[in-house]
Amino acid sequence: MLTEHVTALDVHRTRPDDLTELDEFLFEGSLDETETDDLVRQRMAWIRMAVSHHMHASTYYGRLARAHEFSPEQLTGPDDLALVPLVSSGAFKARRVATDVGERLKLCLSSGTSGTQSIVPRDDRTLERLIGTVMFGARAFFRSRERRRLLVLGPPTDEAGDLWFSYVLSLGGLINDTLFFVRDGVTRFTELADALESADPDVEQMLIGPPALIVDLLDHLESHGRSPQLTNGFVLTAGGWKKRADERVEREELEQRLVRTLSVPLSRIRDTFNMVELNTVIFECEARVKHVPPWLEVLVRRPHDMSLAEPDETGVLTYLDPTALSYPGFVFSDDLGRLTSGECPCGRSGRFLTIERRVAGIEERGCALKMQRYSESGG
Amino acid sequence: MASRPFDERVARRVEVETPQGNKLVGVVAEPKERPPRGVVVMSPGYERCIHHYAVPSCYLTRVGYVTFRFDHTNHVGHSDGEIFDLTMSSMADDLRSALKEASLLAGDLPLHLVASSLSARAAIRVLSQASSPLVERLMLLLPVVDVRRTLAAAAGADVVALWERGEIDRYLVSEHVVSAAFARDLIEEGYGGFEATQNELRGITVPVTAVSTQADEWVALDEVLATMDADSAAAPRHLVVIEGSSHGIGHNPPALRALMEVLVSGTTDQANEEMKHLTFSEILSIVRAERAWASVGYQMLRTEQEVHS
């Protein structure tokens, strides 16, 4: 006799404990940059949560907040974000800044262009969120796709070590097929040219590197009479000129050479921005405007007194980045720039960042001192 | 010192000739330091290859499984054929070949099948038609239960309807152009809607665990629920719904970890005592190495050898 078994379906719903609303937005969200009240409130909530986390779990930041007589409860409206205490680059250089997350940390080093290196500790979740910011930007500005190959003018991860810029470049291998053209300390321009010329036309090629090495590549290609076509690809510059600042060429000149030598359309030449203390990578749209992602707060401060600048006024750029867990991502940068908002020529609306130059010379020393005092004395 | 996943296993390339005369390329990974507890066949989803399942494979070898990953024929990857000629029937044929090869590999060890996305539908067809159970347990990751509906979501149009009206002979689905043979095969071989899937699943006599996501843009969760919730199922049915994620769960690390927990507990039937999540640097190492292997068709794995990251 055949016995029919009746089995009930066992259904179990689960939400991962480590998937916060911010994580879900990073990994699943899309860019709709209209600065609605909801979005502004959400950003403030994320930052408030992050501030609270770091105040409780970071000895340094807790002390800093107390020196500023600051508490997260003061963050009742968007204007209050200016009250969030900021960490100076000097603190990162002095290795004083970390938040206890109970895990192994990767110590991420700046290039030390200004003389000493910043050291920023990152745990796995903070690194995952960094990737999340990259993939969010990729979805927004490049369309996520598997049929893309990254050609990186940088070393692979095992050679990049702890140097942040090189390490971040090497993480592209998590997302797409990636070739690295700085290996064993040698930049391999001929190999890169070969790769460009033999590329599968159905696979989008994305050339990524610091502008100095991009210029070196162009010099190599032009001197060897080669002009591989990157018509359907992208060129992403990253990292600035760093120790080759004296060789800097204007962006327009670099772009003209890229268009001439690689036939890459102007709209596909994009700069990216990141710094070791920032856990978010900022991308440009097809109009080559840097769009500030929804979770990141950018506050511009006047160098002479650290007061908040007006919209579109140049000042020191500071960031409130809630994605960092193992260090407080509320930082001063060494850059002067502007923040604007409205509608971009690309059709998206939101907030836009223009980075004008590094703080330099007497201005640098004075500014750095002011930042230090502002940071550590409660303003 | 952090463990290196590659130190824990041995990997080799395999080739299987299918009854259709095609070459099916696969990678077998075995735990190095312990006797295997079973074999898990891992069948990839649409536009997915061997290397996309490197991380789940490492999770499974870490708890003692041999994994057999393969590239579908008429698909992306290193098996014969082009994705233009993909059909559900060719996916099902591949699965039959892979399972046959894996059963030889397994011997007396338990054999499990983990099928993802579109290949989950093929897996249900294959197991429902088998005269005796081919596997001890079936896991369906983000299963497509209504192929026509998912195809329409991925292609942005009801491809089957366009084909039926004679308006197309090919269509762009995600990143690849697929011929109308896919739509024709769908209709002629009865892959149709989720009711067909439900009927076939009802006849599978081994435990089935499915994992879906709350916000899957390509698969309707209520259809998965309905498909799994078949009265008179002959063996236990479990459905885990991971909230806060979509079909592309690989880009959501917390959700992916939750999926790995279900994968390990679903195959071991244990409460994840042995489970230790891979670290960020381990995942980076694995993904990088596997992409490098894939770029040369896994030829570096041709001989049985230790593989180090």
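**Disulfides**

I began by counting disulfides in this predicted model, and the count over all chains came to 0. To be counted, two cysteine sulfur atoms must lie within 2.5 Å. I then looked up Cys49(B): its nearest cysteine sulfur belongs to Cys58(B) and is 17 Å away, and Cys49(B) is in no disulfide. I noted the counterpart too: Cys58(B) is in no disulfide, with the sulfur of Cys49(B) as its nearest at 17 Å.

Are these cysteines buried or exposed? Cys49(B) has 10% relative accessibility, so I wrote it down as buried. Cys58(B) has 2% and counts as buried as well.

**Two helices in chain B**

Helix 1 of chain B covers residues 54-62 and packs against helix 10 of chain B, residues 280-295. I read an angle of about 115° between them, and their axes are 9 Å apart. The crossing of helix 1 and helix 10 of chain B is right-handed.

**A sheet in chain A**

Next I moved to chain A, where an open sheet of 6 strands runs in the order 5-4-8-9-10-11 with mixed pairing. Strand 5 (177-180) and strand 11 (282-283) of chain A are at the edges; each has a single partner strand, so one side of each has no neighbour in the sheet. Strand 5 of chain A pairs with strand 4 (residues 148-152) of chain A in the parallel sense, over 4 bridges. Here I found Leu151(A) opposite Leu179(A) of strand 5 of chain A.

I also checked what packs on this sheet. Helix 8 (residues 189-197) of chain A touches strand 4, strand 5 and strand 8 (204-209) of chain A, and its direction makes about 165° with that of strand 4 of chain A. Helix 10 (residues 251-262) of chain A lies across strand 8, strand 9 (234-237) and strand 10 (269-273) of chain A, at about 135° to strand 10 of chain A.

**A buried arginine**

My last stop was Arg43(A), in helix 2 (residues 37-57) of chain A. With 4% relative accessibility, Arg43(A) counts as buried. Leaving out residues up to four places away in sequence, I saw that Arg43(A) touches Glu35(A), Pro294(A), Trp295(A), Leu296(A), Glu297(A) and Arg351(A).

How values were computed
Residues numbered from 1 in each chain as written. Chains lettered and ligands numbered in written order. Predicted model: local features only at pLDDT ≥ 70, side-chain atom pairs only at ≥ 80, totals over all residues. Heavy atoms only, no water. Buried < 20%, exposed > 50% of the residue type's maximum accessible area, 1.4 Å probe, protein only. Axes fitted to C-alpha atoms, helices over the stretch in contact; angles between N-to-C directions. Left-handed = near helix turned anticlockwise from the far one by under 90°. Pairing = 2+ DSSP bridges. Contact = heavy atoms within 4.5 Å.
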